[in-house]
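Subject: Structure for you to look at

Hello,

Here is the structure I said I would pass on. Please open it and keep it beside this email while you read.

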2 protein chains.
Amino acid sequence: MARTYRGCCAALHLREDNARFFLLMIVMVLYMLGGATVFMFLEGDNETKEKKEYDIHLQSFYDRYPSVNKSDLESLLRIHSEAESAGFVGNKRPRWDFSGSFYFVGTVVSTIGFGMTTPRTTNGKVLLIFYGFFGCAGAILFFNLFLERIITFLAYILRAIHDRKMKRKMGMNNNHDEARRDSGSIDEDSLSNWKPSVYWVMLILLLGAVVVACCASAMYYPVEDWTYFEAIYFCFVTFATIGFGDYVVSQREHYNSVHFYRLGNFIFIVIGCCCIYSLFNVTSIVIKQALNWIIKRLNCECRR
Amino acid sequence: MARTYRGCCAALHLREDNARFFLLMIVMVLYMLGGATVFMFLEGDNETKEKKEYDIHLQSFYDRYPSVNKSDLESLLRIHSEAESAGFVGNKRPRWDFSGSFYFVGTVVSTIGFGMTTPRTTNGKVLLIFYGFFGCAGAILFFNLFLERIITFLAYILRAIHDRKMKRKMGMNNNHDEARRDSGSIDEDSLSNWKPSVYWVMLILLLGAVVVACCASAMYYPVEDWTYFEAIYFCFVTFATIGFGDYVVSQREHYNSVHFYRLGNFIFIVIGCCCIYSLFNVTSIVIKQALNWIIKRLNCECRR
Ligand SMILES: [K+]
Ligand SMILES: [K+]
């Protein structure tokens, strides 16, 4: 702490904890400003083009049917949009039968919130607040316990690999000293202090998440008539619990072996969310280390 | 650990960590099954009613305009729905100007994901995966650092209150012993060991979240023409990062003092998400304690 007070943080009267928090805030705002600029350029032209196409289509309908009253059509269009978002249009599954309701509840507690199903009655909305409160807290605990379990498991595996490697290395270095090594407490102690690097854990979780997303996409894309990339995009948006709702699986009324598909969907989403949650948390540790490094550098600069 | 192995967990060959994880899994599935049942009853009737109303409305349009070709209208309705969800209909703000893009990026990194704006080009979708990866990890770190800061702050405040209370109590009990108390190291030690109860922290965070939600709703409901309750519902869905997208603020093109409103919106969403994230995490600790209590009881039952 004393060291910190000598650098830039001291000049701003900040403790290191607070300095890190404000630095992250600045980094996040810059990251968002940068991202906003790039997305604006990527998507802006397409928006103008799509809007023009829609206007042309609407106008051509009016031209073909001049007898249609404008306000009649507008009211129909408005009601149709609401019906579409409530899932009444086309061969969609019922939203509030038991399995639909279970799907909805799953999107609430996981905080994915696709929004294909939302409570439309006041009672439903009131219940959602209380139900969601405990549900989301429970799901966060579930994700945290999963993270703890997976870290323990990975640490165990990585240590076993490390142990074997060390033993082989030592076996090559001092073959003549075998008796001491097998009973030796010094070597065992140095092994037990070893902890797996956060980068290894991150890499393994990343590989795990990619494998889960690829497998899930392989299931989704033929069934939902998407491209493989669209399925990957859906997997990322869902597993990261962003859940835009632009792509939602298991929404049609009829699938081949529908129960099997729904079960697979449920399992993939649970495993995927767990993996990505763990991955994000481990990545956030790496980001924190980067922030600490920046703060250290800033303090060194100030002290010159 | 040894104690654990004597109870139910031992019968199932489970370590306590794993037992807790599986118990939570079971509790969550039961919670979801229960929730699904209740929501099905609350929302099911309304769905049937709304679907009937929509069918009647559509049919009455066809009856009034028999000349309209059915497939022409259906294609218009389909295109209109897409245009509606892309934000071209009505006096909506442009989705991909800079502030719209910034709003979008905010819904990505916070994992709220309203879905009012989504990348529609392939390039945008590819970028989203990489951008979202680091953005979400950064936001999780931000929330975690906020949680750490707020816990430290609350612990400091609660300890100050506790210290004052203890000192007053001691002052009443042994007024004659004042000299010893002021210089006494024993009393100071017992004070420094004191930690605030997780229930107090939870209560304060809950109050904080309710206050933020009420203030935010007071801003939203007149501007967006919602009821106050709808604004509260929106606040919960947003701050919990569920983000259904059935209610989304700041979507119209024209507001009075639009920049001020957008800034206020941004600040409220950041503070609200931080509060609810902290609250969920503290609540999850309480749930974990409850699970530990259940495991202890189960082990006692088994040992009889
Ligand atoms: K979400
Ligand atoms: K969402």
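A nonpolar core is a set of buried Ala, Val, Leu, Ile, Met, Phe, Trp, Tyr and Cys residues joined through side-chain atoms within 4.5 Å. Buried means under 20% relative accessible area, exposed means over 50%, and partly exposed is in between (1.4 Å probe, protein chains only).

This is a predicted model, in which local features need pLDDT of at least 70, side-chain atom pairs count only at pLDDT 80 or more, and totals for chains, interfaces and linings use all residues. Residues are numbered from 1 along each chain as its sequence is written, chains are lettered from A and ligands numbered from 1 in the order in which they are written, and side-chain values use heavy atoms, with hydrogens and water left out.

The cores

The largest nonpolar core has 146 residues, and the members that touch the most others are L128(A), Y220(A), F280(A), L128(B), Y220(B) and F280(B). A second, separate core has 25 residues, among them F61(A), Y62(A), V68(B) and A86(B). For contact the rule is heavy atoms within 4.5 Å. Apart from neighbours within four places in sequence, L128(A) has contacts that include F104(A) and F133(A), and also F39(B) and F244(B).

Donors here are N, O and S atoms within 2.8 Å of the metal (3.2 Å for Na, K and Ca); water is not among the atoms, so sites may look incomplete. The potassium ion (ligand 1) is coordinated at 2.8 Å by O atoms of T111(A), I112(A), T241(A), I242(A), T111(B), I112(B), T241(B) and I242(B). Because T241(A) lies in the loop between α9 (228–239) and α10 (258–303) of chain A and I112(B) in the loop between α4 (98–109) and α5 (122–173) of chain B, this pair joins two chains. Helices (H or I, at least four residues) and strands (E, at least two) are DSSP runs, numbered from the N terminus. T241(A) is buried at 11% relative accessibility, and I112(B) is buried at 2%.

G113(A) is buried, with a relative accessibility of 0%. The two potassium ions are 3.1 Å apart, and I112(A) coordinates both.

Where the chains meet

K288(B) forms a salt bridge with E148(A), and their closest N and O atoms are 3.9 Å apart.

I79(A) lies in helix α3 of chain A and is partly exposed, at 23% relative accessible area. Neighbours within four places in sequence aside, I79(A) is in contact with Y54(B) and H57(B). I79(A) and T117(A) are 38 residues apart in sequence and 17 Å apart in space, C-alpha to C-alpha.

Regards

Definitions and conventions. A salt bridge is a side-chain nitrogen of Lys or Arg within 4 Å of a carboxyl oxygen of Asp or Glu.
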